[in-house]
Amino acid sequence: MFDPFAILNINKTFSIDLMMVEKCYFEAQKQIHPDRFINASSDIKKDAVQRSSEVNKAYHILKDPLLRATFLLENEDIKLLSNEPLFLAEVMAWNERQGAGEDLSEELKCEKELLVKELAASFECKDYERARTALYKLTYVQKVMKQ
Amino acid sequence: MLLQLVEPGKTLDPHAPPPGVVVGIDLGTTYSVVAVVKEGKARVLTFEDGGPLIPSIVSLIDGEFKVGESSAETLSSTKRLMGKDVTDPICSQFPQLLEGKGMRLSLGSHSLTPIEVAAHVLSHLRCQIEQTLELPLEAAVITVPAYFDEAARIATKQAAALAGIKILRLINEPTAASLAYGLETGAEGIYAIYDWGGGTFDLSLLKLEKGVFQVLATGGDLNLGGDDIDRALFNAFQLPDLRTARHLKECLSLQTSLEGVTRDDLEAIALPFVNQTLSITQDVLKQAKFKVQDIKGVVFVGGMTRMPLVYQEVETFFKKKPLCDINADHAVALGAALSAHSLRYGSDTLLLDVTPLSLGLEVMGGLVEKIIPRNTPLPALASEEFTTDQDGQGGMIIHVVQGEREFVEDCRSLARFELKGLPMLPAGAARIRVDFAVDAEGLLTVSAIEKSTGLSQHVEVRPSFGLDGTELSQMIFESQKYGREDIKRRLEAEEQLKETTFFKKEYG
């Protein structure tokens, strides 16, 4: 299984130092970016493209709390939630207000921050049930934010 | 100084051919510029006949092709046609396009494709470089607009192959400019590169940090350049020709009126174009989730940034003075030279670029399924699984497109191939995985594998445009202008290009 934490050599926990992740990302790319192998054989070049792409993908996952939490839950063989009727009502209310022209960006940003904190706390005490509820909510908050 | 340059010679491969020179080439719409790194510092080359800015034009003078000099028979701004097809609206700006002959422009009794025009310009530059530096040209980094699509990038590579120039790598113009700016000033933080030239506008957001140049997002318009303002000015004042319009536009950056046209007149004409660049800028900021106050500086690149109106409007937009520390005409070539030098001799500098446009596949109903969204860091790999929709379906068309729109007809078609001989299975049972790979230069490879039965079939495709292999080699042999040595070099370059560009099929 593709493991972004292993690829960037980062401890497998939800709460990570993003500055550190970026530093590891840049270091890894300095080693394996295809530009380092411009005069090498085509096999080595292909390998560099493959590995450098994996580093890009790992960085993409780790810096995004939603993708990071998804990976960690799947890594524990925990199925993601697909339905939570109570929260859907909240989402519909946001959608309605947004549809009426209200600017919800600050409110949603706060909501997102709370959920990320909730994720951190639940992963901290290995409460995966709580983590998947928080992740489910975060997915919807991000969806509403995008609209 | 952020760049640690390895002593030339230290990392040389002992089997490599005798060293020549590596350069950076800014192959611009209006002008082309060449730069080289000497004693750790990038410098633009000044050529005997005219200086660092060589007009990117090909003329017919006394029956011979001449680059950089204008005459009654001149082709100019043909970079705008690179990778385009004859149905593109930009074609209306080129009265020399021959009808019914594909993308060919008439020049006297001759006809040239935009790729051949670029090849003439590059070939001229190569001669100038070799004469000036008294060394053979070993390889070059050539720059392209960040917003160039796959077709235009491949066209540029074909032009270099025709001119006998080995390309180390294509790099994006704003990224090159940021390299020149970052290494010159030691700047760190989030910077916007506002690059507005004769043909194209590009806006790239970069994070500069300790030798790393990380592109965060990029956007642009290939049909938004100084040329378009010249055309509007030409129409509004019924000027004799576009060259007069351009001259007038340039002079009005320094003086307030000339020949009955005032700077205010020009600005009224130019404002909608400037606003278009700002709306693209706004979009890129939004994509990258940045606000103007997050941007530490705006670096000006390209001739259009000399217009006072542009300075004023960009300053208002970003609420800070644009940075003009580096020469707007030279920055791209200087950055390309620094990149060429570090690729050839090794360095600590790292360029991390992104895809300018989304890549996807055609799915049911003429819709596009995006596989690699725009602004994905490069290189990138992605795959998607598909299945058949009919019982016993023996084949499947795989249609690769590039663009942001939802419907295939609004995107650029890159390649279409058929996966044949699928096993006889009920609808929905076959499993076809399509893999996309985009390399560091932004060039795409697509492959498809059918894997439901354990038998794997593999087809690999790289989009090819403009010319097929036969046409290309014919052009190489037919050309009378070059010597035997040149033909040999060009054939080698062409082989190299074939390996990477054209249709490749494998069954295993």
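## A buried aspartate in a helix

In this predicted model, B:D228 has a relative accessible area of 10%. Because that value is under the 20% cut-off, B:D228 counts as buried. The residue belongs to helix α4 of chain B, which covers residues 226–236.

Leaving aside residues up to four places away in sequence, B:D228 is in contact with B:R80, B:Q93, B:N223 and B:F273.

B:L107 is part of strand β8 of chain B, residues 105–107. Its relative accessibility is 1%, so B:L107 is also classed as buried.

What does B:L107 touch, not counting residues up to four places away in sequence? The contacts are B:V58, B:S59, B:L60, B:F65, B:E73, B:T74, B:L75 and B:L112. One of these, B:F65, lies 42 residues from B:L107 along the chain, and the C-alpha atoms of the two are separated by 9.3 Å.

## Chain B as a whole

Chain B contains ten helices and 27 strands. It has 508 residues, of which 57% count as buried. The accessible surface of the chain comes to about 21,600 Å², and carbon and sulfur atoms account for 51% of that area.

Among the contacts in chain B with a separation of 6 or more, 65% are between residues 24 or more positions apart.

## Strand β12 and its two partners

Strand β12 of chain B spans residues 189–196. Seven of its eight residues are buried, so the strand is mostly covered. β12(B) pairs with strand β13 (residues 201–209) through eight bridges, and the two run antiparallel. Four residues lie between β12(B) and β13(B), which together form a hairpin. Within this pairing, B:G189 stands opposite B:L208 of β13(B).

β12(B) is also joined to β17(B), here by five bridges and in a parallel arrangement. In this pairing B:I193 has B:V299 of β17(B) as its bridge partner.

## Aromatic pairs

Over all chains, the count of aromatic pairs is 13. One of them is formed by B:Y194 and B:F300, with 5.3 Å from centre to centre and 40 degrees between the planes.

## Lysines over rings

In chain A, A:K57 lies over the face of A:F2, at 4.3 Å from the ring centre. In chain B, B:K79 lies over the face of B:F148, at 5.9 Å from the ring centre.

## The hairpin of β24 and β25

Strand β24 (residues 432–438) of chain B is joined to β25(B) by seven bridges, and the two strands run antiparallel. They form a hairpin with five residues between them. In the turn, B:G442 has a positive phi of about 95 degrees. The bridge partner of B:V434 in β25(B) is B:A448.

Strand β25 itself covers residues 444–450, and seven of its seven residues are buried. Which residues lie on each face of β25(B)? B:L444, B:V446, B:A448 and B:E450 are on one side, while B:T445, B:S447 and B:I449 are on the other, and all are buried. In a regular strand the side chains alternate between the two faces of the sheet.

## Contact between chains A and B

At the interface, 22 residues of chain B are in contact with 17 residues of chain A. The buried area between the two chains is about 1,700 Å², with 55% coming from carbon and sulfur atoms. On the chain B side, B:L350, B:P379 and B:L381 lose the most area to chain A, and together they give 29% of what that side buries.

Technical notes:
Residues numbered from 1 in each chain as written. Chains lettered and ligands numbered in written order. Predicted model: local features only at pLDDT ≥ 70, side-chain atom pairs only at ≥ 80, totals over all residues. Heavy atoms only, no water. Phe/Tyr/Trp six-rings, centres within 6.5 Å; stacked < 30°, edge-to-face > 60°. Lys NZ or Arg CZ within 6 Å of the ring centre and 35° of its normal. Buried < 20%, exposed > 50% of the residue type's maximum accessible area, 1.4 Å probe, protein only. Contact = heavy atoms within 4.5 Å. Areas by Shrake-Rupley, 256 points an atom, 1.4 Å probe, with all protein chains shown as cover. Pairing = 2+ DSSP bridges. Buried area = accessible area lost by both parts, 1.4 Å probe.
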